[in-house]
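Please read them with the structure open.

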Amino acid sequence: MIEIDWAEEAGRLRASAEGEGDWNAAVARSLVRDGDKVMADIGCGGGGMAKALAEALPSATVVAVDADPDVLEQAREHTGGLVRCELASMDEGAEPLRRAIDAPADLIWASASVHHAADQQAAIDALASLLAPGGRLALAEGGLPARYLPWDLGVGEPGLELRLDLAQDKWFKVMRESLPGSVPMPYGWTEALTRAGLTDATTRSVLTETPAPLTQERLDGVVQSFQTRIARMTGEGHGHGHGHGHVVADQEWLDPEDLAVWKQLLDPDGPYFLGRRRDLAVLSVRSIHLGYAPR
Ligand SMILES: C[S@@+](CC[C@H](N)C(=O)[O-])C[C@H]1O[C@@H](n2cnc3c(N)ncnc32)[C@H](O)[C@@H]1O
């Protein structure tokens with residue numbers, strides 16, 4: 001059983017809204033159209049894309065929507081009055097979202113949020129129903145697991161990062177199954193957009209690369225993200241067993257030998273600390289699935 005306490009994630013979501021500013025700005029510029037009046041970011045987290053959309057097209061009204069009040073507070077601070085922030089959940093059908101957005105939308109963006117809805121197809125149907133004729137629904141989901149580490153780190157078995165990805169994939173399956181009322185969606189995102197009545201569904205993926213050596217600030221961010229991922233796999237720092245955070249009941253996601261290696265890699269006082277290496281890089285591919293409301 002895995003239960004995510006989004007309030008506990010609020011600070012991390014704010015940090016990623018700040019860290020992903022350039023990516024959000026570039027994607028926002030490619031998505032907006034002159035004449036768009038209403039745009040929404042659903043499951044907005046720290047509000048990074050909501051802010052980028054408002055900056056890309058200042059004449060439009062942008063609404064940031066999230067189901068968690070603490071997360072929404074972070075979005076409110078981050079977007080600094082540029083966007084309207086509203087509390088609503090994708091798990092309750094279209095009406096609360098329609099009220100939150102307050103108009104048909106020309107563009108709806110939802111990044112890594114639909115996969116937290118109990119019934120993903122129902123959530124996509126609801127989002128599609130909020131579009132103005134010709135409006136676009138953009139779902140940022142999937143892509144490829146990011147790569148940061150050399151294959152052989154000189155400690156432990158090579159391929160450590162691949163095995164962390166595999167463990168996370170198993171974690172993800174249990175997370176989905178743990179959502180109350182969880183409904184499987186045994187098909188891809190463009191098919192889901194098409195089933196929601198949208199046309200010309202397609203995908204474009206954005207590759208981002210920062211070669212080694214990373215700046216110390218970037219390296220610290222990578223180390224921090226591994227710390228978060230390992231804590232999630234071990235249930236540490238998340239009120240283990242008390243119904244908070246990423247609670248993982250009696251499940252070993254990572255091989256104990258790999259876990260011991262991760263502890264060495266993340267120990268700032270140890271000889272293998274990642275935060276001192278010059279050979280870490282960032283290679284990431286994120287997919288954006290787009291569908292259009294009929295005119
Ligand atoms: C993984 S975060 C992604 C945040 C942001 N969109 C991003 O890409 O960084 C998922 C977000 O979806 C929100 N969320 C989860 N379930 C939701 C639901 N049913 N309705 C609306 N928002 C939801 C969470 O509070 C969280 O802010």
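1. The model is a predicted one.

2. Confidence comes next. The average pLDDT of the protein is 94, and 95% of the residues reach at least 70. Residues 238–245 have a pLDDT below 50, and in the model this stretch makes 20 contacts beyond near neighbours in sequence. Please keep that stretch in mind when reading the model.

3. Back to T199. Its relative accessible area is 31%; buried requires under 20% and exposed over 50%, so T199 is partly exposed. Leaving aside residues up to four places away in sequence, T199 touches G291, Y292 and P294. The C-alpha atoms of T199 and G291 are 5.7 Å apart, although 92 residues separate the two in sequence.

4. D200 is also found in strand β7. D200 has a relative accessibility of 60% and therefore counts as exposed. Its phi is positive, about 50 degrees, although D200 is not a glycine. Most residues other than glycine have a negative phi. This residue deserves a look at the backbone.

5. A112 is a further case of positive phi: the angle is near 55 degrees in a residue other than glycine. A112 sits in the loop between β4 and α6. With a relative accessibility of 36%, A112 counts as partly exposed.

6. The peptide bond between A212 and P213 is cis, with omega about -5 degrees. P213 is located in the loop that runs between β7 and α9, the latter being residues 216–234. Most peptide bonds are trans.

7. S287 is part of strand β8, residues 282–292. Is S287 buried or exposed? Its relative accessibility is 9%, so S287 counts as buried. The side chain of S287 makes a polar contact of 2.7 Å with the side chain of S205. Apart from residues up to four places away in sequence, S287 touches L139, A140, E141, G142, G143, T203, R204 and S205.

8. The ligand has 17 residues around it, and the closest are G43, D66, S89, M90 and S111. By class, this shell holds eight nonpolar, six polar and three charged residues. A polar backbone atom of G43 is 2.8 Å from a nitrogen atom of the ligand. M90 has a backbone N or O atom that is likewise placed 2.8 Å from a ligand nitrogen atom. With S111 the side chain is involved: one of its N or O atoms is 2.6 Å from an oxygen atom of the ligand. The ligand on its own has 600 Å² of accessible area, of which the protein covers 89%.

9. Helix α6, residues 120–128, is mostly covered, with seven of its nine residues buried. Which residues of α6 are buried? They are Q120, Q121, A123, I124, A126, L127 and A128. The cover over these buried residues includes the strands β1 (38–42), β4 (105–111) and β5 (131–140). It also includes the helices α5 (94–101), α7 (160–178) and α8 (189–195). At the start of α6, a side-chain oxygen of D119 comes within 3.3 Å of the backbone nitrogen of Q121.

10. Last, a position towards the start of the numbering. A7 is in helix α1, residues 6–19. Its relative accessibility is 27%, so A7 counts as partly exposed. Not counting residues up to four places away in sequence, A7 touches D68 and D70. A separation of 6.0 Å is found between the C-alpha atoms of A7 and V71, which are 64 residues apart along the chain.

Notes: Residues are numbered from 1 along each chain as its sequence is written. This is a predicted model: local features need pLDDT of at least 70, side-chain atom pairs count only at pLDDT 80 or more; totals for chains, interfaces and linings use all residues. Side-chain values use heavy atoms; hydrogens and water are left out. pLDDT is the predictor's confidence in each residue, from 0 to 100. Contact means heavy atoms within 4.5 Å. Buried means under 20% relative accessible area, exposed over 50%, partly exposed in between (1.4 Å probe, protein chains only). A residue is near a molecule or strand if one of its heavy atoms lies within 4 Å of it. A polar contact is a pair of N or O atoms within 3.5 Å; within protein, one must be able to donate a hydrogen and the other to accept it, and residues adjacent in sequence count only if both atoms are side-chain atoms. Accessible areas come from the Shrake-Rupley method with a 1.4 Å probe; for residues, only the protein chains shown count as cover. Ala, Val, Leu, Ile, Met, Phe, Trp, Tyr, Cys and Pro count as nonpolar, Asp, Glu, Lys and Arg as charged, and the others, Gly among them, as polar. Helices (H or I, at least four residues) and strands (E, at least two) are DSSP runs, numbered from the N terminus.
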